[in-house]
Amino acid sequence: MPCGVSVSQPHTPYRLSAHYSVFFNSSKVLSLSFLPFSFSFFASVSLSLLYIFFVASGFCWLGVVMEDGEWVMVRKPAEKDFWNPTSMDLADTSKPLKVTFSGPAKHWTDAIPIGNGRLGAMVWGGIASETLQLNEDTLWTGVPGNYTNPNAPVALSEVRKLVDNGEYAEATKAAVKLSDNPSDVYQLLGDIKVEFDDSHIKYTEGTYHRELDLESATVRVKYSVGDVEFTREHFVSNPDQVIVTKISGSKPGSLSFTVSLDSKLHHSSQENGKNQIIMQGSCPGKRIPPKVIANDNPKGIQFAAVLDLQISEGGVVHSLADKKLKVEGSDWAVLLLVASSSFDGPFTMPSDSRKDPISESLNALKSIKTLSYSDLYAHHLDDYQNLFHRVSLQLSKSSKSNLKDGSVEIKKVKSSTTYSYFSKSEDDAISTAERVKSFQTDEDPSFVELLFQYGRYLLISSSRPGIQVSNLQGIWNKDIEPAWDGAPHLNINLQMNYWPSLSCNLKECQEPLFDYISSLSINGSKTAKVNYEASGWVAHQVSDIWAKTSPDRGEAVWALWPMGGAWLCTHLWEHYTYTMDKDFLKDKAYPLLEGCTSFLLDWLIEGPGGYLETNPSTSPEHMFVAPDGKPASVSYSSTMDIAIIREVFSEILSAAEVKFLFYAD
C-alpha cells in the first residue's frame with residue numbers, strides 16, 4: 001500500500017515529507033517520528049550512511065504510543081480507518097526496482113551484494129573473468145574472551161574526581177586506564193573465480209548490462225561476443241542455504257571456462273570427483289594477519305566450502321592440476337557454493353567445538369543435489385518475496401512540477417514482469433550512477449523509491465532469524481583486516497542497521513539482534529560487576545561475534561561509552577509496541593530491560609549539585625573545548641547519556657505496567 005501522511009485531517013493524503021512518518025488512528029495524529037536508517041549506497045555496501053525511509057500506512061500498527069510524555073495503549077483501527085487511495089495503481093505505475101550498471105565493477109564498492117543473511121557474495125560482473133567474493137557470517141578471528149578489568153574501579157574513582165573538579169582534559173587522559181582490548185575481526189570466506197577465453201575480451205560494445213533486480217534478489221549480467229549472447233544469474237537462497245550461479249550461452253556448445261575456489265585465509269583445497277572443489281581452512285585465533293604464525297596462537301574458527309559444478313549434456317568437465325575445473329562445449333553451467341564453520345556460539349572455544357564444517361557442507365549440498373536450477377530459484381523467490389513484497393512505496397514529485405489542479409500526474413510505466421529479464425526499457429538504459437548524478441536536477445521520485453527498497457533489500461540479505469547479527473558491513477567483506485574490524489559498533493551503527501525492521505515490515509529480520517543482546521547481557525553482567533562494581537549488565541561502544549562487552553582500546557573519546565547496551569535495549573520495547581507480542585515482552589524483552597536498568601541505576605551517582613549524573617560521560621566520538629581552553633571528551637551527564645537513560649527508564653516502567661496487566665488477566 002502506498003505511503004500517505006495525515007497532517008491535519010485523517011485520510012487526507014499529502015506529499016510525503018522526507019525524514020518524517022506519522023502514525024495515526026481514526027481520530028487524531030498520535031506520534032511524529034524521525035526515522036533515519038543505515039543503508040548501503042548503490043556504489044557501496046557499508047551500512048553506515050543516513051537513509052531516509054517512510055512508513056507505509058496499513059502494513060503495521062503502533063499499538064502503544066507516546067502521548068504527553070506517557071505511553072498510552074490504543075486500539076487497533078478498523079480497516080475502514082486506513083488511508084485507502086483510489087487514484088494510484090501500483091502495478092501500472094511503479095518503475096522497475098533495478099540497480100543497473102553499464103560496465104563491470106572496477107572497485108569492490110562497484111560490485112553488487114547478494115546474500116541470505118548467513119552467506120553473502122559480491123558480484124563483480126567481469127567479462128573475461130567473473131569474481132564472486134564470498135562471506136559466511138561466523139568467520140571471525142579470536143576466541144571467547146575475558147571482558148573484565150579488576151583495575152578499573154581505581155581508575156574510575158580517579159576519573160570521577162577529576163571531572164568533579166572540572167579538570168576535563170586531565171580526566172580525558174586518565175580515562176584511558178579504563179580502556180580494554182580491541183574487538184576481534186570479521187573475516188572473509190574466499191573467492192569463486194570464473195575465467196573465460198580471450199574471445200570474451202572482444203565483446204560487442206554496447207551489449208553489456210549488469211543489474212540487481214530488487215524484486216527477485218537476483219544479479220544478472222549480459223553481453224555479446226559476436227553472435228553469441230552470454231548471460232549470468234546469481235542469487236543466494238535462504239531456504240536451501242546455497243549461493244547459486246548460472247552461466248549460459250545463446251548457442252549450443254558455446255560455453256567454455258575454468259573455475260576455481262581460493263581464499264586469503266590459511267586453507268587447503270582438493271578435488272572431490274570431477275565436478276567438485278572442497279576448501280577447508282581456519283580463522284586466526286588472535287587478531288593477527290593469517291600470514292603470521294605464532295606459537296601461542298590458539299585454535300580459531302574452522303571453515304569449509306564446497307563448490308559443485310553442473311553442466312548441460314554435451315559439455316565436458318576436466319580436472320586441472322592447479323585444482324581448477326575446466327568446462328568445454330556446454331550450453332549452460334550451474335555453480336553451487338555451500339559453506340559452514342565450527343562456530344558453536346559466543347561462549348564455546350573453537351577447540352571445544354564438535355561441529356565438522358566439511359561434513360556439514362557436504363550434507364548441505366547433498367540435500368539439494370536433486371533440485372534443478374528452476375527448483376532452487378523458485379524456493380528462493382518464494383522465501384524472499386514473502387518479505388520484500390510486504391511493502392510498496394510510490395511517491396509523486398513536488399507540487400511545482402507534478403501537481404496540477406489538485407491531482408497527481410503519474411507516468412505510466414509497464415511492469416517489468418511483462419518483459420524478458422534483459423529487455424531494456426527507457427529507465428534501464430540509464431545506469432544508476434547516472435541517476436545519482438541527475439537527481440540534484442530532476443529529483444526523480446522513482447529514484448527515492450528505489451533507494452528505499454534497496455535499504456529493505458540489504459536488511460533482508462544480511463539478517464535472518466537464527467544467524468549472526470548484521471555487522472558493520474552487513475555480511476560483506478573482502479579483507480582480512482577490514483575497516484573498523486567490520487565489527488558491530490553500538491554507538492549508532494548496529495542500531496541503524498535495524499531501524500527499518502519494524503516500520504518496513506521486516507520484524508523477523510530483527511531476531512538476530514535480540515539473540516545478540518541476550519549474549520551481551522551474559523558477558524556484560526561480568527563487566528558491570530568487576531569494572532564498575534555495579535549490578536545488571538553493560539556493553540560499550542564496539543563488540544564482536546564473541547559478545548565483547550568491555551571498553552574498546554585507545555582514547556576515551558570513542559572507547560569509554562557504557563551506553564551501548566542501553567541503546568540496544570530500546571529496540572526491545574519498540575518491537576513490543578509494534579507486535580504486541582506478550583510472550584516476547586515477558587520472556588525476552590523485560591528481563592533484558594530489567595538488567596540494563598539495574599546497571600543504569602548503579603551507574604548514576606550523586607554529583608556536587610545534588611543531582612544524579614553519569615560520570616564519566618562522553619558524547620560518542622566527539623571532543624569539546626573545556627573552560628580552560630583544552631580539548632577534552634570526558635565530562636558528566638552528556639545529553640546522549642541522559643536521553644538514553646530516560647528512554648530506558650520510561651520503557652521499563654511501561655513494560656512493568658503491561659506485565660502487571662498480563663498477570664492480572
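This is a predicted model: local features need pLDDT of at least 70, side-chain atom pairs count only at pLDDT 80 or more; totals for chains, interfaces and linings use all residues.
Visitor: Which strands are the edge strands of the open sheet of nine strands?
Guide: The strands of this open sheet follow the order β7-β12-β13-β14-β15-β22-β19-β18-β17, with antiparallel pairing. From one strand to the next, the twist averages 15°. An edge strand pairs on one side only, and the edge strands here are β7 (98-101) and β17 (266-271).

Visitor: What is the bridge partner of L309 in β22?
Guide: Strand β19 (residues 302-311) pairs with strand β22 (residues 332-341) in the antiparallel sense, over nine bridges. In β22, the residue bridged to L309 is L335.

Visitor: At about what angle to β22 does helix α4 run?
Guide: Helix α4 comprises residues 357-368. The strands it lies across are β15 (242-249), β18 (276-282), β19 and β22. Relative to β22, helix α4 runs at about 140°.

Visitor: Which residues of strand β8 point the other way from I112 and I114?
Guide: In a regular strand, side chains alternate between the two faces of the sheet. Strand β8 (residues 112-115) has I112 and I114 pointing one way, and all four of its residues are buried. Those pointing the other way are P113 and G115.

Visitor: Which residue takes a positive phi in the hairpin of β8 and β9?
Guide: β8 and strand β9 (residues 119-123) pair in the antiparallel sense over four bridges, and I112 has V123 as its bridge partner in β9. The hairpin has three residues between the strands. The positive phi, near 100°, belongs to G117.

Visitor: Are α13 and α14 roughly parallel or roughly antiparallel to each other?
Guide: Two packed helices are described by the angle between their axes and the distance between the axes. For α13 (residues 564-579) and α14 (residues 582-603), the angle is about 155° and the axes are 10 Å apart. Angles over 145 degrees count as roughly antiparallel, so the relation of α13 to α14 is roughly antiparallel.

Visitor: How many nonpolar residues are in the contact of α13 with α14?
Guide: The crossing of α13 and α14 is left-handed. Among the residues making the contact are L572, W573 and H575 of α13, and F584, L585 and L592 of α14. By class, the contact includes one polar and two charged residues, while the nonpolar ones number twelve.

Visitor: Is H575 buried or exposed?
Guide: H575 has its place in helix α13. Apart from residues up to four places away in sequence, H575 touches L502, K507, Q510, F514, M580 and F584. Its relative accessible area is 7%; buried means under 20%, and therefore H575 is buried.

Visitor: Which residues of α8 meet Y384, L387 and F388 of α5?
Guide: The axes of helix α5 (residues 373-388) and helix α8 (residues 445-462) come within 10 Å and cross at roughly 130°, which makes α5 oblique to α8. Their crossing is right-handed. By class, the contact has five nonpolar, one polar and one charged residues. The α8 residues that meet Y384, L387 and F388 are Q453, R456, Y457 and I460.

Visitor: Which residues is N149 in contact with, leaving aside its neighbours within four places in sequence?
Guide: N149 lies in the loop between β10 (129-136) and α2 (152-164). The relative accessibility of N149 is 13%, so this residue counts as buried. Beyond its neighbours within four places in sequence, N149 is in contact with K177, S179, V530 and N531.

How values were computed. Residues are numbered from 1 along each chain as its sequence is written. Side-chain values use heavy atoms; hydrogens and water are left out. Buried means under 20% relative accessible area, exposed over 50%, partly exposed in between (1.4 Å probe, protein chains only). Helices (H or I, at least four residues) and strands (E, at least two) are DSSP runs, numbered from the N terminus. Two strands pair if DSSP finds at least two bridges between them. Contact means heavy atoms within 4.5 Å. Axes are lines fitted to C-alpha atoms, for helices over the stretch in contact, and angles run from 0 to 180 degrees between N-to-C directions. Angles under 35 degrees count as roughly parallel, over 145 as roughly antiparallel, 65 to 115 as roughly perpendicular and the rest as oblique. A crossing is left-handed if the near helix is turned anticlockwise from the far one by less than a right angle, and right-handed if clockwise. Ala, Val, Leu, Ile, Met, Phe, Trp, Tyr, Cys and Pro count as nonpolar, Asp, Glu, Lys and Arg as charged, and the others, Gly among them, as polar.
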